[in-house]
Amino acid sequence: MGTLFDHLKSLFDYELYSNAKTLSNLILAVFERNRAILTPQQHFSTLVYYAESLFHEHQYREAEGIYRQALQAKRILPKAKSPSGKGCEGPPDIFSEVEIKYKTARCLIEIKRFRDAIVVLQSLSIKQRTPKVNMLLSRLCHNHGHERSAIGTYKEVLKDCPLAFEAIEGLLSLGTNGIEVNTLVLNATLAPQCNDWLSNWIKAHAHMQGRKYSEAIQTFRSIESNTSLSHYHQLLVLIGECYYHNGEYENAYTYLKRAHSLYPYMKNGIQILAILMAKKKKMSELEKMIAPTSTFPMEYSSEMWFVMAQYLFSTAKYDKAVYFVQKACFLNPKNAEALILKAEILLQLKKYQEAIAHLRFAQQFAPYRYEVHKVLVDTYLNMNRLREAQAQALKALKTIGETPRLLVLLGRTYLKDDSTRAKAKTLFMKALEMNENYLPAVYLLADMYRQDNDASNCIKLLKKHASLTQNCKLHAMLGDLLSHDKDHTGALEHYTMALNLDPTNRCAMAGLLAMGQSAGGTSGVGASSYLESSMAEEGSDVQDNPLEMIEIPQSAQNDLESESDIMWSDVEIEINQ
């Protein structure tokens, strides 16, 4: 017939955890009244079965308490020789002290008691700690400021498991030299299946952590070209992320889209891909990224809640977007993309102080992220706090270093004050010296020429860059300026080129129709408006309002001049507020 304990063991062995949980509770209740039904060993085993069943049923708070009772019961048992944690192979012994403390720590993590989890794991001696214990302890120490302990435990992981990529990346992110990390995994790098890529993989990650994105891209792409990892989606994600952090959005989109095509369930890189889709106004593709799991909310990670929030934000549904981005922040409080998006939503809702608070928190663990500094500058400019905006842009320049987009960011803060406009012009020109194809600097510099009535330099600048890159906005801007300058042949040529590149370009179509209606037409307002709207639409690097990715529908206008007036008015408000 078997005892109650025998039935419990059978239920657990067959993984009927909900039934095992119920029977365990019953047995322990009977045991309180009749101690004879269980031996001390069986009592301990019952507690472990109960705790394990609760753990598998995701009842972590209750499981943590039962695991602690099991540890107390184990201490009164006679000590028996058992293999040490590190030496044993095969499935873990659920009755060992190491496994019970590991599961206790897992429960504490689930209920957000991270420091208690660290204490539990550190109570195990170094000899007792298995690789999975060291890995969990490393992550906890890394995320909660115990960097020296994290470095030590990451190294312990690599001694046993040299291809633990998370440990490699963790060490590099904590400042460990790439050469030292390479020596820790030397045996693996010499293995036949790893010797052609692992050393370069570590080298590229070291470049990423040092924010040397161009070098990281070069190294990762050499792995892609020369090894069998060319179709590994995570490699494509890393290349895409490097391009994104380097401000090369088109290349970033190309690689992340390839990675998503290879592995639609990817989490790494999915947030940046969503941001880039929103920038490119690919709403249908962004919506498809949500659709596969929209009916299974339990599958949503912090990254997937972010994608939902990004879609809602991009379609101007701000109240719903802030709800979903908060879910992303709750699941991962250090999700930099989610904090930046939440700040952008709050900025759109004119909750400036809340936006600043979120960005200041993001700065604590992501001080080198350009987007954090940019949205802070945008917020201060929207509040008309020019000194704080300039100070923040200068801080970004010192923290990250001189790059074209940071020079433009600082220059934009100088545009607001007539006494500092000359500085802005110098910065835009310097940005173009560093990267002559950096279009946001071209747009802003062209607009300065326009406002100074320097049409010849403005046209010269735009013609130069229109010849260097295929960009419909440049041609449409040139068309507006040439039309205003009575050069209708040149205007017609550039409007046509703009429409060849983008058949939906409304300003180019409006310019052509205006030329047809009136040979001497008054397109001055259209020229000015297109310069400004082009600056705003090209990318978030140029606008004062960081939410320009949103496609705001406008009412249909029959009168072309009225449409231009509306566009000019909208952009002028955004630029000057």
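These notes cover a helix pair, a loop residue and the annotated repeats in a predicted model.

1. Packing of α7 and α9. Two packed helices are described by the angle between their axes and the distance between the axes. For helix α7 (residues 131-143) and helix α9 (residues 165-173), the axes come within 11 Å and cross at roughly 30°. Angles under 35 degrees count as roughly parallel, and α7 and α9 are therefore roughly parallel to each other. The crossing of α7 past α9 is left-handed.

2. Residues between α7 and α9. On the α7 side the contact is made by Met135, Arg139 and His142, and on the α9 side by Glu166, Ala167, Gly170 and Ser173. By class, the residues of this contact comprise 2 nonpolar, 3 polar and 2 charged.

3. Leu349. The loop between α20 (336-348) and α21 (352-365) holds Leu349. Leu349 has a relative accessible area of 27%; buried would require under 20% and exposed over 50%, so Leu349 is partly exposed. Once neighbours within four places in sequence are set aside, Leu349 is in contact with Tyr318 and Asp319. Between Leu349 and Tyr318 the C-alpha to C-alpha separation is 7.5 Å, although they are 31 residues apart in sequence.

4. In the model, residues 233-266 are 79% helix and 0% strand, with end C-alpha atoms 8 Å apart. Residues 302-335 are likewise 79% helix and 0% strand, and their end C-alpha atoms lie 8 Å apart.

Definitions and conventions. Residues are numbered from 1 along each chain as its sequence is written. This is a predicted model: local features need pLDDT of at least 70, side-chain atom pairs count only at pLDDT 80 or more; totals for chains, interfaces and linings use all residues. Side-chain values use heavy atoms; hydrogens and water are left out. Axes are lines fitted to C-alpha atoms, for helices over the stretch in contact, and angles run from 0 to 180 degrees between N-to-C directions. Helices (H or I, at least four residues) and strands (E, at least two) are DSSP runs, numbered from the N terminus. Angles under 35 degrees count as roughly parallel, over 145 as roughly antiparallel, 65 to 115 as roughly perpendicular and the rest as oblique. A crossing is left-handed if the near helix is turned anticlockwise from the far one by less than a right angle, and right-handed if clockwise. Contact means heavy atoms within 4.5 Å. Ala, Val, Leu, Ile, Met, Phe, Trp, Tyr, Cys and Pro count as nonpolar, Asp, Glu, Lys and Arg as charged, and the others, Gly among them, as polar. Buried means under 20% relative accessible area, exposed over 50%, partly exposed in between (1.4 Å probe, protein chains only).
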